[in-house]
Structures are given as structure tokens and as C-alpha cells.
Amino acid sequence: RVKAYFESMELEASDAWAFFKLVDEDMGNTVDVDEFVEGCMRLRGAAKQIDVHLLSTEQRRFQTRYESGMQRLEESLSKVAAGGRSFAGPQGEPSAFVRWV
């Protein structure tokens, strides 16, 4: 039944995991009815469209993780700066981290 549905949408049954990740918009590892229907509507058409949408979705997820990591890094560096800690090496020269930044 699922295979027939995928075929009607011009999707390969082997794309099931990619399809799940695409329709799981809130990344909750579950797909509710609204997510499923909206995902199906977005993915109607040529089978190659799933590849483009998958890349777009993965890029958005990466962007979210990247921004979150950068925010945590900035917060950590602010705490270090507020605490008066130095990034100087043992001889007073800038550490490799400071030279890199």
C-alpha cells in the first residue's frame, strides 16, 4: 500500500527515509497528519524534486545547528572575557586559538 502511494507520487520506495526526514519539519522524529499532508503536497511531481528538497532541508538543519553552536561559543567567550581570563600562552604570546581567530 505504501509502495503504491509512493509510486503514485513518482517517488521511489527506497526514498522512504529521505521522505520521512523531509516531512518531519519540526525534527521531532514523528510525523503528524499535518506534516505528512503538507510534505506530500510539497513533493508532488518529478522524483528528482525530492533530492532538491532534501538538500534544502538538510541545509536548513545544518544552519540551525551552526547558529546554535556559534551562539554558545560567543556566550562562552563573553564569560571568559568577563572573568578577566587571558588567552595568552606561557610566554605571554597569543595562544594558537587567538592567532587563528
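Visitor: What should I know about the numbering and the model?
Guide: Residues are numbered from 1 along each chain as its sequence is written, and side-chain values use heavy atoms, without hydrogens and water. In this predicted model, local features need pLDDT of at least 70 and side-chain atom pairs count only at pLDDT 80 or more, while totals for chains, interfaces and linings use all residues.

Visitor: Which residues make up the largest nonpolar core?
Guide: This core has 8 residues: Phe 6, Leu 11, Phe 19, Leu 22, Val 23, Cys 40, Leu 43 and Ile 50. Helix α2 gives the most to this core, with 3 residues. A nonpolar core is a set of buried Ala, Val, Leu, Ile, Met, Phe, Trp, Tyr and Cys residues joined through side-chain atoms within 4.5 Å. Buried means under 20% relative accessible area, exposed over 50%, and partly exposed in between, with a 1.4 Å probe and protein chains only. Helices are DSSP runs (H or I, at least four residues), numbered from the N terminus.

Visitor: And Ser 56, where does that lie?
Guide: Ser 56 lies in helix α4, residues 48-82. Its C-alpha atom is separated by 9.3 Å from that of Leu 22, 34 residues apart along the chain.

Visitor: Why does Ser 56 count as partly exposed?
Guide: Because Ser 56 has 34% relative accessibility.

Visitor: Changing topic, where does Asp 26 lie?
Guide: Asp 26 lies in the loop between α2 (16-23) and α3 (33-42).

Visitor: Is Asp 26 buried or exposed?
Guide: Asp 26 counts as exposed, because its relative accessibility is 52%.

Methods: Helix = DSSP H or I, 4+ residues; strand = E, 2+ residues; numbered from the N terminus.
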